[in-house]
Amino acid sequence: MVQTEAIVDNEWILAMQEELNQFTRNDVWYLVPRPTNTNVIGTKWIFKNKTDEKGNVVRNKALYGLKQAPRAWYERLSSHLLLKGYTRDIIDKTLFVKRVAHDLMVVQIYVDDIVFGSTSNALVSEFTDVMQNEFEMSMSGELTYFLGLQVQQLKDGMFLSQTKYAKDLVSKFGLESAKPITNPMSTTTKLHKDLIGKYVDQTLYKSMIGSLLYLTASRPDISFSVGVCARF
């Protein structure tokens, strides 16, 4: 979606207004006079469709602001969670954990999306009430799709898959007509640089490797193959 199309679409206009309202409600910005003899850093709108695991659009999302805007929001949200008794993970700074007796509450932040779960329904209710009252957030219900991961809730656990993500990669890199194989690369295979072969687009190759590395979250069987290719 380009800006010229979005600014005349009623649904995108509402999404933009909601984004600006969020700034005001969450107190993450304030208006100041323009300093003299100072260059003003430009900002821009980013328009994004949020889709489910089937590719259906579930929400129009308009983002506006500087590169520092996500940091300001993260600091506001993390400060609130720490105040409420959550502990920030040492390695993953977007992961917050709260323990009450034998129960556990886990909160994962990704920009302005939050995934959470707990062994206690009471802790879940407490968290949702606080977040809706403090930040006026909306709840999307049970997690089924997030960052390319399809989530199936089962009685004895969860089943994660990346079927849609894998199919999207095939389409993205134009491999629909490529011949599939049933087994990954042999562990004895040795790869070498072809110094006289056809030139390879390094940006495209790195994009492929990065995408495949993310796919190993649900396909550990390709980890070795992707790791070998990532050396080049």
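**Ground rules.** I number residues from 1 along each chain as its sequence is written, and side-chain values use heavy atoms, with hydrogens and water left out. In this predicted model, local features need pLDDT of at least 70 and side-chain atom pairs count only at pLDDT 80 or more, while totals for chains, interfaces and linings use all residues.

**Helix α6.** I looked up α6 (202-215); helices here are DSSP runs of H or I of at least four residues, strands are runs of E of at least two, and both are numbered from the N terminus. I found I209, S211 and L215 buried in α6 (under 20% relative accessible area, with exposed over 50% and partly exposed in between, for a 1.4 Å probe and protein chains only). Down the axis of α6, the buried residues fall within an arc of 165 degrees, so they line one face of the helix (the arc is that of the directions from the helix axis to the C-beta atoms). On the other side of α6 I noted Q202, T203 and K206 as exposed.

I then checked β5 (residues 103-110) and β6 (residues 113-118), which run antiparallel and are joined by six bridges (strands pair if DSSP finds at least two bridges between them). I109 stands opposite I114 in β6. Two residues sit between the strands of this hairpin, and V111 takes a positive phi near 55 degrees.
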